[in-house]
Amino acid sequence: MTTVARSVQQLEDTIIAVATPSGRSAIAVVRLSGPRAFSIAANHLRPTPPQMRATHLCTVYDRDKILDQALVTFFPAPNSFTGDDTVELSTHGGYLVPSSVVAALISSGARQALPGEFTRRAVLYGKL
């Protein structure tokens, strides 16, 4: 696969990462961005936020197991940091909860973001 083809494929992926320093704060921001961000997040949230660009308190699940309660905001493309559909989950901080949420969302089809990949997408979509 050429470098250009790999770059195009990466833009089609839905990516996820913890956007705050691990273990350092009471709140962690988990960012999910890409074409399947809303559907992947909806599989793990109850209730699914009814409005875009408004923050809602949701319970985050991995199957039937409650992982956390989080403040969740859906940002539709192109009006997000990356230019893609984006979901931000403000979970409890530390190591366990954010990593559990990331693992659950990866199990539904997201992939771990590469370092700087959110910013790279923002540049490619003319956001920065």
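Tutor: A polar contact is a pair of N or O atoms within 3.5 Å; within protein, one must be able to donate a hydrogen and the other to accept it, and residues adjacent in sequence count only if both atoms are side-chain atoms. The model is predicted, so local features need pLDDT of at least 70 and side-chain atom pairs pLDDT 80 or more, while totals for chains, interfaces and linings use all residues. Residues are numbered from 1 along each chain as its sequence is written, and side-chain values use heavy atoms, without hydrogens and water.

Student: Which backbone nitrogen does the side chain of Ser80 reach?

Tutor: Ser80 is found in the loop between β5 and β6, where strands (E, at least two residues) are DSSP runs numbered from the N terminus. The distance is 3.1 Å, and the nitrogen belongs to Gly83.

Student: Is Ser80 buried or exposed?

Tutor: Buried means under 20% relative accessible area, exposed over 50%, and partly exposed in between (1.4 Å probe, protein chains only). Because its relative accessible area is 8%, Ser80 is buried.

Student: How does Phe81 count, and what is its relative accessibility?

Tutor: Phe81 has its place in the loop between β5 (65–75) and β6 (86–92). Phe81 counts as partly exposed because its relative accessibility is 38%.

Student: Which residues does Ser80 touch, not counting residues up to four places away in sequence?

Tutor: Contact means heavy atoms within 4.5 Å. With residues up to four places away in sequence not counted, Ser80 touches Phe75, Thr86 and Lys127.

Student: Which residues is Leu45 in contact with, leaving aside neighbours within four places in sequence?

Tutor: The contacts of Leu45 include Val72 and Leu89.

Note on methods
Helix = DSSP H or I, 4+ residues; strand = E, 2+ residues; numbered from the N terminus.
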